Amino acid sequence: MAVNLVNVEAVSKVYGTRALLDGVSLGVSEGDRIGVVGRNGDGKTTLIRMLAKLEEADTGRVTHSGGLRLEVLTQHDSLDPEATVRHEVIGDLADHEWAGNAKIRDVLTGLFGGLDLPGFEQGLDTVIGPLSGGERRRIALAKLLIAEQDLIVLDEPTNHLDVEGISWLARHLRERRSALVCVTHDRWFLDQVCTRMWDVQKGSVFEYEGGYSDYVFARAERERIAATEETKRQNLVRKELAWLRRGAPARTSKPRFRVEAANALIQDVPPPRDTSELMKFATTRLGRTVFDLEDVSVQAGPKLLLKHLTWQLGPGDRVGLVGVNGAGKTSLLRAMADAARSEGERQPAAGRIVVGKTVKLAYLSQEVAELDPALRVLEAVQQVRERVDLGKGREMTAGQLCETFGFGKEKQWTPVGDLSGGERRRLQLLRLLMDEPNVLFLDEPTNDLDIETLTQLEDVLDNWPGSMVVISHDRFFVERTTDRVLALMGDATMRMLPRGIDEYLERRRRMTEAAVPAAPAPAPAGAKAVSAADARAAKKELQKIERQLDKISEKETTLHAQIADNATDFEKVAKLDAGLRELVAEREELEMRWLELAEDA
């Protein structure tokens, strides 16, 4: 029988005149992995702070089992700014001690990309003080994961991690014996890690068995049975449920609720997007040319991020862009945006970007644009436009769109200066959509947004007719809003990934394994070391393979463009698709050979 670690009994917490938590009773047992969700401001962080006894409840009590070892990752770390990374993470362990510890090696590699901490100028001896908030947060997370605990409490652990880091963290937490309570807006992460969910809503906490997918099923069923009047919100839940049920079975590996009930809920829900209809509308608005990149190279200072890139963003294309940090994702969008704003006059370091004459671009950058803090939310939106056409006959007023994005009637009269970071992010995105663009560049749009706002944003984008490029570490959002995934692999190239982010993670794993030398093993009797001549020959063949891979990448881009141009000619599309499959097979064979040669070289 699982031991009870924490008990929360009839806990209440009031701020001002608002009750964040009202008579909440919960428990955490050994082996629990609990995900905490809810709207921003509804009390998720307050709940876990009281759970960890970092904050006192107004009424009720929180009790811990005797000798409970508990660690908390909060939004603000308590690292010593004058200490080094080595001192905070590894402590006084000698190099041979920590390097011989598989757990420490796994954490350092998973969170930082290697034992020498690539990206930190002095490696483990880097002083913490000058580091960015994201770097400090990863150090705090590494320190927590290396220690042993009975219960760990994490507040937004995936912030500042890339797709690979999030994938590693999910695997690591699944394999740990510690119980876990985690606040996060990353729905893929919740589905991979959690076995129970807590939904914080209006002072109450609703408990569900299973991960995020199971939670959506159960919530939709609960709201159907309750016959709630929140029709719009219920429809969004049903729409997301339809997306989950029609997706890959892996999204819900352990469904705990009746599949028949879930299917009954979604039988009349159409797919999230009518792709062919949106493509037709987008072509009408945009014409045939949106962005054509011809032999483009992109630089950031002296560093060459992309070279000889030929790629076409067509009308209605919805593209997810993933890649390692620093590979050039944001730089590529900026180069394309610069060309659009200057009507083609500003061009990248090499090559040419051709922009369609009808392109009207909206670019959501990672920086929140400054607005007059005295403006009210509704006034800031009405500054752009009073009404917006969402396509297919759908039109919304500024006030209606505000409500869709979580700004209720009262909140619409809040001064911009009083908004939180997440609310300003929502307002920024709202203003962009009000300007009726036909091309959207979204760079980390999910930052600071809660799950309910994310589902509302996805609903708006479902019917938005235009071309779109999304950069995001939120895997669920990328898979939900885009139709294909491209990757910058960190080697100055772009690759199309037919199998999406799973394929990206597999490729990165192979590249990492090829780059990191294995521990030297004793050579078998009679074995010969690789000669210098063999190594030179391997390097020569490697260079040849890399040139071949570049050519294949260009051919793939051309074939994808031809498939898009001949979308209605099914016979021609079939032939082009067959050619594309041959190229993919050839590329994979070459990549395997590259990995074999890398060791000799």
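A crossing is left-handed if the near helix is turned anticlockwise from the far one by less than a right angle, and right-handed if clockwise. I wrote that down before opening the model, which is a predicted one: local features need pLDDT of at least 70, side-chain atom pairs count only at pLDDT 80 or more, and totals for chains, interfaces and linings use all residues. Residues are numbered from 1 along each chain as its sequence is written, and side-chain values use heavy atoms, with hydrogens and water left out.

**Entry 1, whole chain.** I looked up the totals: the chain has 20 helices and 20 strands. Helices (H or I, at least four residues) and strands (E, at least two) are DSSP runs, numbered from the N terminus. Of the 601 residues, 51% count as buried, that is, under 20% relative accessible area with a 1.4 Å probe, protein chains only; exposed is over 50% and partly exposed lies in between. Among contacts with a separation of 6 or more, 69% are between residues 24 or more positions apart; contact means heavy atoms within 4.5 Å.

How do H4 and H5 cross? I find a right-handed crossing. The axes of H4 (residues 102–112) and H5 (residues 133–146) come within 10 Å and cross at roughly 160°. Axes here are lines fitted to C-alpha atoms, for helices over the stretch in contact, and angles run from 0 to 180 degrees between N-to-C directions. H4 and H5 are therefore roughly antiparallel (over 145 degrees; under 35 is roughly parallel, 65 to 115 roughly perpendicular, the rest oblique). On the H4 side I noted Lys-103, Ile-104, Val-107, Leu-111 and Phe-112, which meet Arg-138, Ile-139, Leu-141, Ala-142, Leu-145 and Ile-146 of H5.

**Entry 3, the sheet S2-S1-S4.** I traced an open, antiparallel sheet of three strands in the order S2-S1-S4. Its edge strands are S2 (18–29) and S4 (59–64), each pairing on one side only. Neighbouring strands are turned by 15° against each other on average, direction ignored. Two strands pair if DSSP finds at least two bridges between them. S1 (residues 4–15) has eight bridges to S2 and five to S4. S1 and S2 make a hairpin with two residues between them, and Gly-16 in the turn has a positive phi of about 65°.

S10 (residues 291–300) pairs with S13 over five bridges; I located Ser-297 opposite Ala-350 of S13.

After H12 comes Glu-343, with a positive phi near 55°.
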